[in-house]
Amino acid sequence: MSLLEKGTARKDSPVSGRPARRPLRQRIFGNGLKPGYLTYGLLLAFFLGSSYPLWWSVVVGSRTNEALGLDWPPLLPGGNFWNNVSEVFDTIPFWTALWNSILISTIITVSVVTFSTLAGYAFAKLRFRGNTVLMVAVVATMAIPTQLGIIPLFMVMRTLGWTGEIGAVIIPSLVTAFGVFFMRQYLVDVIPDELIESARMDGANMIRTFWHVALPAAKPAMAILSLFTFMMAWTDFLWPLLVLTAGNPTLQTALSQLSSARYVDYSVVLTGAVLATIPLLVLFAAAGKQLISGIMQGAVKG
Amino acid sequence: MKNFRFPAAAIAGAAAVALLASGCGGGDQEAASPDNPVELSVTTFGTFGYDDLYAEYEDANPGIKINPNNIDRGENARTDAFTKLSAGSGLSDVVAIEEGWLGSIMEVSDQFVDLNEYGAEDIKDNWVDWKFKQGTDSEGRVIGYGTDIGPQGLCYNGKLFEDAGLPSDREAVAELFGGDDATWDKYFEIGRQYHDKTGLAWYDQSGFVWNSMVNQMEEGYYTPDGELNIEDNAAMKEQFMQLAAGTEAGLSANEKKWDWGKGKAFADGSFATFVCPGWMLGTIQTQMESAGAGPEAGWDFADVFPGGASNWGGAFLSVPETSEHKEEAAKLAAWLTAPEQQVKQSAAANNFPSTVEAQEQLAAEAAPNELFNNAPTGAILASRAEGVTAQFKGPEDSVIQDKVFSPALGQLDAGTTDGEGSWNEAMKLLNELVVNN
Amino acid sequence: MTVTLKRPAPAAPPTGAVSPFRHRLSAWDQKFSPYLYISPFFLLFALVGLFPLLYTFWVSLHDWHLLKGQGEFVGLANFTNVLQDRFFWNSLGNTMSIFLLSAIPQLIGALFIAAVLDQNLRAKTFWRMSVLLPYVVTPVAVAVIFTNMFGEDPGLINNLLGNFGIEPIKWRTDTLPSHIAIATMVNWRWTGYNALILLAAMQAVPRDIYESAALDGAGAFRRFFSITLPSIRPTMIFVIITSTIGGLQIFAEPRLFDPTDPGGPQRNFQTTVLYLWEMGFQRNNFGKASAIAWLLFLIIVIIGLINFSLSRKIASADTKKPGNRAQRRAEGKRK
């Protein structure tokens with residue numbers, strides 16, 4: 001099924017000539033066309049369930065340890081938030097960590113998306129010896145978790161003297177097999193072979209064809225891949241933990257450092273968790289829609 | 001082709017810039033000044049009480065900026081130190097080392113600066129003899145300045161003692177346990193009485209009691225020539241079984257060490273005694289503050305310890321070879337461990353200094369410690385430090401303590417095995433984690 | 001996730017009059033450009049993916065200490081040691097248990113949420129975003145937050161239970177509760193994400209099937225079980241596979257759940273990756289750690305193959321099943 005076949009997604013059934021009042025049963029359980037209160041009640045429950053742990057962190061993080069011991073958790077934030085924030089800033093190099101996380105995730109994203117699009121395009125649309133075999137190799141390597149390579153990678157970084165630098169975090173993630181697979185699957189369907197043919201007829205060389213035909217068509221998938229890659233790089237923990245230092249961390253290692261350094265100041269640690277979540281919340285608010293459609297399209301694609 | 005190369009080149013460029021930006025830094029050895037600012041990173045663990053001292057040092061030495069990093073526990077600090085050591089970078093300019101894993105650091109002592117090059121000889125008389133010797137490797141290189149030592153006294157909860165009909169006055173308590181002739185027999189005997197009367201636990205968990213017992217022995221897990229001596233060490237097993245009998249009788253509260261219900265167990269009467277090396281007073285203080293408890297909880301500190309003098313733990317400050325500011329780092333380490341600062345550290349962290357002058361000062365001042373029912377903890381610790389000698393620590397000492405005996409005793413505490421089973425589990429773990437690692 | 005690789009259509013040689021030189025250039029261009037496009041990926045992958053994997057194997061054949069470096073060649077001794085190591089098996093058991101505790105509730109929860117979302121909702125995007133919210137909280141932050149919620153005493157959940165006279169649960173000390181706690185962290189973060197994937201699959205089921213089924217008198221539950229579920233089976237397999245691979249690798253959650261002992265004092269929630277880390281960076285034994293890495297790799301490959309063959313079987317069984325109109329039509333649309 002193609003990403004482009006948006007037509008298969010259900011069109012919202014237009015509700016015209018709404019009846020004055022539906023029977024109670026329908027209002028609760030809904031009818032075939034309109035969901036009832038029950039649906040919205042459930043959705044509200046999901047919403048509360050998925051946001052409560054975050055809210056609870058805000059509440060406890062804006063109070064003191066005492067909030068953790070209360071029989072009934074307080075529901076509203078207290079007045080200690082800024083105090084806790086300054087404790088967090090005193091304990092970990094928050095801004096360095098934030099900047100590192102942004103830099104690392106951005107560079108990895110640009111690299112993964114660039115190389116995946118190039119390779120994915122070649123696999124999808126170009127004919128060359130070994131195409132299928134090499135593509136199978138890519139698919140086969142998708143399952144290899146990077147964590148399995150940490151020991152030699154660690155030794156390599158040590159030999160090169162790169163430990164402690166964010167380059168050590170970036171380099172092992174510059175390409176992913178998943179990215180290539182994803183771009184290939186997308187481009188196979190989305191670019192008509194005739195388009196490439198006609199470009200070639202017009203005398204365009206390969207790179208021009210790529211630039212003017214493939215790239216514009218690949219943009220939606222590149223956006224989705226960017227989001228996923230960025231998230232993956234942003235959340236990585238084990239590898240940065242091994243090669244980065246307390247003075248030059250990512251947001252994730254800084255947060256674990258905070259929870260170690262302030263091991264008894266639970267409210268401060270939770271404040272740190274909230275602060276570390278804000279950047280992605282901002283991204284979510286800005287690009288949440290794209291993220292959702294990315295997940296949903298990627299799913300149908302996979 | 002130009003178009004094609006562009007993204008790759010951009011990435012390479014960006015990566016290079018990033019590497020350069022984070023990678024540059026002076027390797028200069030010039031003294032710090034406002035014109036030549038130097039940042040020094042310091043890694044400590046647990047409750048070190050250095051915050052005010054850092055500020056003081058920064059004020060007195062314009063141009064120095066200290067970046068502190070504290071790790072929750074010595075065990076984790078060890079892992080961190082070794083990961084950074086093996087990575088060849090990332091160790092702070094000044095690193096705190098715990099006595100328990102000093103042995104493993106000594107195996108790679110050439111990775112640390114010989115402080116003799118920075119005037120260790122001139123100040124060596126500051127410390128009690130054995131402490132300075134501990135920080136010296138087999139080739140005579142001084143790799144660590146002692147911060148504190150861990151002479152052990154007995155923390156007890158006066159309120160709980162009173163409720164159980166035991167004396168609660170700290171001299172009477174010292175007397176109760178046998179004064180200078182206090183034995184573990186006596187300790188467990190009173191514990192059983194207490195437990196029979198109240199149904200409550202006597203100590204928080206078995207692991208710390210065990211650590212105290214072992215640290216008290218003339219030889220611990222290793223013989224002085226570095227051989228493991230546990231499995232066939234009858235005296236050690238006998239002591240273990242004594243502890244196990246107590247725990248099986250219900251004397252252990254089976255608390256999670258280093259957590260104690262987020263400090264709450266110190267406030268709610270879960271247990272009545274606690275084995276207290278000097279630095280543990282700081283740990284208790286931190287835990288109780290976190291639980292919102294204070295002097296009203298009833299803790300006190302007695303000048304007595306079962307089995308006689310014992311030293312558990314203590315730390316050193318060292319400067320790794322990878323430091324870019326060795327001279328400034330050594331200067332800071334020396335300053336932080338000088339008697340005057342040790343007195344201040346002791347006030348902040350409740351630990352006990354390793355320099356003679358600081359010890360004497362604490363003994364003379366006999367300042368009351370509010371949290372411990374105004375006990376003169378410093379003076380008591382000074383008295384507890386008498387007769388303490390250094391025990392040889394082997395390379396895997398801390399592993400044996402934390403990964404072998406601690407989990408084995410944890411099973412005993414949880415009641416999932418008996419004394420014999422716990423000992424056997426320890427021997428099994430010893431083989432798995434140490435002998436055949 | 002059945003991977004079907006369609007062959008690219010053969011490209012006809014360009015026609016029209018061109019100079020021989022340009023023609024040759026163009027031929028080279030066509031011949032070598034594809035390799036040029038895929039080479040950055042393969043070169044980098046060889047460097048950061050393949051080489052580490054092979055080198056891990058090399059290390060696993062030696063005594064190899066974190067600090068002291070390469071020691072003697074020991075053949076497969078590290079592997080036999082690890083296979084006899086009770087903590088390795090313990091870690092595998094824990095990983096599996098945590099995985100099951102997360103995969104099954106996650107799939108059921110995600111199905112349920114997707115079914116609720118698969119309606120003609122008002123403020124659709126808002127509801128979808130609300131279930132996806134936990135996904136933007138990183139595993140480290142999740143671990144920090146939930147470690148406090150699952151504190152034994154005090155802790156949010158035990159405090160609440162206490163109000164109803166329920167004894168505090170030993171979330172960290174007891175094995176099953178600790179697995180549930182960690183699985184909850186995973187579930188919280190991923191259920192909404194998987195729900196959206198399943199929702200996408202549900203929406204791809206043609207509506208007219210539902211309508212005709214409804215006309216035939218099939219109720220909502222009936223429609224869900226006999227139309228929706230069979231139609232989205234491939235996607236469900238995809239969800240299961242991705243969560244298997246993810247589940248075998250969890251590290252941050254158990255690492256931060258007990259900061260002192262990796263996986264708890266009795267290793268009751270020590271996962272295999274955590275054990276790998278302990279072996280390499282706490283016990284400093286790179287040789288054995290590499291052996292663990294390879295064994296874990298083999299396990300992932302085996303599980304991947306099982307998944308693959310299972311999904312193929314299911315897929316072919318589906319297409320063979322006669323009389324399932326909805327299914328066939330959905331499949332028909334799919335290809």
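Two strands are taken to pair if DSSP finds at least two bridges between them, and helices (H or I, at least four residues) and strands (E, at least two) are DSSP runs numbered from the N terminus. The model is predicted, with local features needing pLDDT of at least 70 and side-chain atom pairs counting only at pLDDT 80 or more, while totals for chains, interfaces and linings use all residues. Residues are numbered from 1 along each chain as its sequence is written, and chains are lettered from A and ligands numbered from 1 in the order in which they are written.

**View 1. Strand E4 of chain B and its antiparallel partners.** All 13 of the 13 residues of strand E4 (residues 145–157) of chain B are buried, a residue being buried if 20 or more other C-beta atoms lie within 10 Å of its own, exposed if 12 or fewer, and partly exposed in between, with C-beta atoms placed from the backbone. Five bridges join E4(B) in the antiparallel sense to strand E5 (residues 273–277) of chain B, where B:Val275 stands opposite B:Leu154. B:Leu154 also has a bridge partner in E6(B), namely B:Ala302, and E4(B) pairs with strand E6 (residues 299–302) of chain B over four antiparallel bridges. With strand E7 (residues 311–318) of chain B, E4(B) again runs antiparallel through four bridges, and in that strand B:Leu317 is the bridge partner of B:Tyr145. Strand E8 (residues 352–353) of chain B is joined to E4(B) by two antiparallel bridges, with B:Phe352 opposite B:Ile149.

**View 2. Helix H10 of chain B and its surroundings.** Helix H10 (residues 206–216) of chain B is mostly covered, since eleven of its eleven residues are buried, and the buried residues include B:Phe208, B:Trp210 and B:Met213 as well as B:Asn211 and B:Gln216. These buried residues pack against strands E4, E5 and E7 and against helices H9 (184–198), H11 (234–248) and H17 (397–414) of chain B.

**View 3. The side of chain C that touches chain A.** Chain C, with 14 helices and two strands, has 94 residues in contact with 95 residues of chain A, two residues being in contact if their C-beta atoms, placed from the backbone, lie within 7 Å. Helix H1 (residues 20–60) of chain C gives the most to this side of chain C, with 19 residues. By class, the side comprises 67 nonpolar, 21 polar and six charged residues, where Ala, Val, Leu, Ile, Met, Phe, Trp, Tyr, Cys and Pro count as nonpolar, Asp, Glu, Lys and Arg as charged, and the others, Gly among them, as polar.

**View 4. The largest nonpolar core.** This core has 224 residues, and those with the most contacts inside it include A:Tyr121, B:Ala333 and C:Leu196; a nonpolar core is a set of buried Ala, Val, Leu, Ile, Met, Phe, Trp, Tyr and Cys residues joined through C-beta atoms within 7 Å. Helix H7 (residues 175–203) of chain C supplies the largest share of the core, 17 residues. Leaving aside neighbours within four places in sequence, C:Leu196 is in contact with A:Ile292, A:Ile295 and A:Met296 and with C:Arg128 and C:Leu132.

**View 5. The side of chain A that touches chain B.** Here 28 residues of chain A are in contact with 32 residues of chain B. The largest share of the side of chain A, five residues, comes from H5(A), and its residues divide into 13 nonpolar, eleven polar and four charged.
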